[in-house]
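Let's learn to read a few features together. Have a look at the sequence and the 3D view first.

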Amino acid sequence: MNVSLAKDLSVYQLVMGVQAPPKPLSLSPATLLSLVRAQIDLLIEQQIAATLWVKLPPEKIWQSELARYQSSVGASSLIYTCQIEEREKEGDEEAGGDKGEGGVNVSIFPSSPHHVPVHLPPDSQLRRENFLMVLSPQFCSLILAHRPLKKRKNQTSGKVNTNKNQPLLIITTVEGRVIQQVLDGIQQAIAPESSPILPADFICPTVPQAALMNQLLAKQLLRQDEINRQIITIRTTKFQQQNQELHNKEQLKDEYLKNICQELRTPLTHMKTALSLLNSPNLKPPQRQRYLQMLNTQCDHQNSLITGLLELVQLERNLEGTSLESVRLSEIVPGVVSTYQPVAQEKGIMLAYTVPTELPSIWCVSGGLRQIVINLLHNSLKFTPNGGQVWVRARTQGDYVQLEFRDTGIGIAENEIPKIFDRFYRVRTAATEDYGGAGLGLTIVQQLLLRCGGSISVKSKLYEGSTFTVQLASVGNLPKAIATENEL
């Protein structure tokens, strides 16, 4: 059997064309699904052999309802499934999301004499409509969903796009006059060569039997209650996940504040001890000098902590909205190295760099590359003893530029390497020298690299030195997610 429509058709317009049409209600796709399921439940329970005209979303959850009816009633049923064969225009969508792969309405039904595809014009108004129409001498009904075509102008391109957030207008009726109007419109739209869709003497009953209506209403309530429970379960699960995420964030925040307080308290404790000892009446000049030096060192440590915290807070607050810039390593690294040459000379450290001028530009947060080089070079010099060596070298590595900081310093124990990027973490060493610092430099480096799609890795061995390797995306090879965010 073959059926096609010779002209455009809108079930919604047919319904609204009757005198005193049913009032459309703005409802959700979930409510539409509950109405369809209740209708199928009634047909199966009463074993009503009907002719169905349908256009429903292609997802299995919808199509399985039709399959459930057909498998129950069997050969006595006939289902006409409306299908838009050709790809729809970009931006068009079905009411409730009924667009299959490539914009073609699909069905789970195999070819059979009890399932008839109805071919629709590619520009059919039905692309924005879904419906289930039941035609039987005992019972006729119509469930219709329509998404109005409301257009809005794109401010940037000037194109007119459909608004995907339009409400879904749903009409459900069992009035014979309304259903007959739709049936007459379909029969007029059918191509002359198509087979008849109903017996010539078929007439829709004016209203269904009261018993059938009572059963239908009861089933609609049951199905709606079932879907409401599912929605509540989904929302409850989502809220629980959100609450857990908030709880985890609060725990992290509490731990962060606890660490800050602990870090700020430590130098204060040392300063208080030094002040107490300075009040001793029998204090000798060398001891006084040592305690004064302790006060000075701890003041510097506290200042470093506060400065580092302010830098990190400001960085985390502004980093997400900071745009990336194209920068050359040869314009940044030599200047930072020359700044630290006096520090290296004072410690007798050989400091050298190799940064070829032909290296490609890289992407980084504005001002971020300089901060990365400063923090890593400062660490290398701080943890390298007198007479040691520090090298800075840059080279290409695939789509990235590698920047390497290698030193002959005290090194890092293998079990400490995973912790060195944590806030306030400072490498423990058996040496008596206090290296100070806030333990935030590497945290800042990692945050800057994450923002621009870069990375950092570490290789180290105790008492032999460390190598920090930074990878930065070269211009033209920025990771897609970062590139899209940067364009916005």
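**Rings, charges and a strand**

Q: What sits over the ring of Trp391?
A: The general idea is that a charge sits over a ring if NZ of Lys or CZ of Arg is within 6 Å of the ring centre and within 35 degrees of the ring normal. Here, the charged end of Arg406 is over the Trp391 ring, 4.4 Å from its centre. A heads-up: this model is predicted, so local features need pLDDT of at least 70 and side-chain atom pairs pLDDT 80 or more, while totals for chains, interfaces and linings use all residues. Residues are numbered from 1 along each chain as its sequence is written, and side-chain values use heavy atoms, without hydrogens and water.

Q: How many aromatic pairs does a search of the whole structure find?
A: Rings of Phe, Tyr and Trp (its six-membered ring) pair if their centres lie within 6.5 Å; planes under 30 degrees apart are stacked, over 60 edge-to-face, and the rest tilted. The search turns up one pair. Trp53 and Tyr80 have ring centres 4.8 Å apart and planes at 10°, so they are stacked.

Q: Is strand β10 mostly buried or exposed?
A: Buried means under 20% relative accessible area, exposed over 50%, and partly exposed in between (1.4 Å probe, protein chains only). Strands (E, at least two residues) are DSSP runs, numbered from the N terminus. In β10 (residues 168–173), five of the six residues are buried, so the strand is largely enclosed by the rest of the structure.

Q: Which residue of β10 is the bridge partner of Ala145?
A: Ala145 partners Ile170.

Methods:
Helix = DSSP H or I, 4+ residues; strand = E, 2+ residues; numbered from the N terminus. Pairing = 2+ DSSP bridges.
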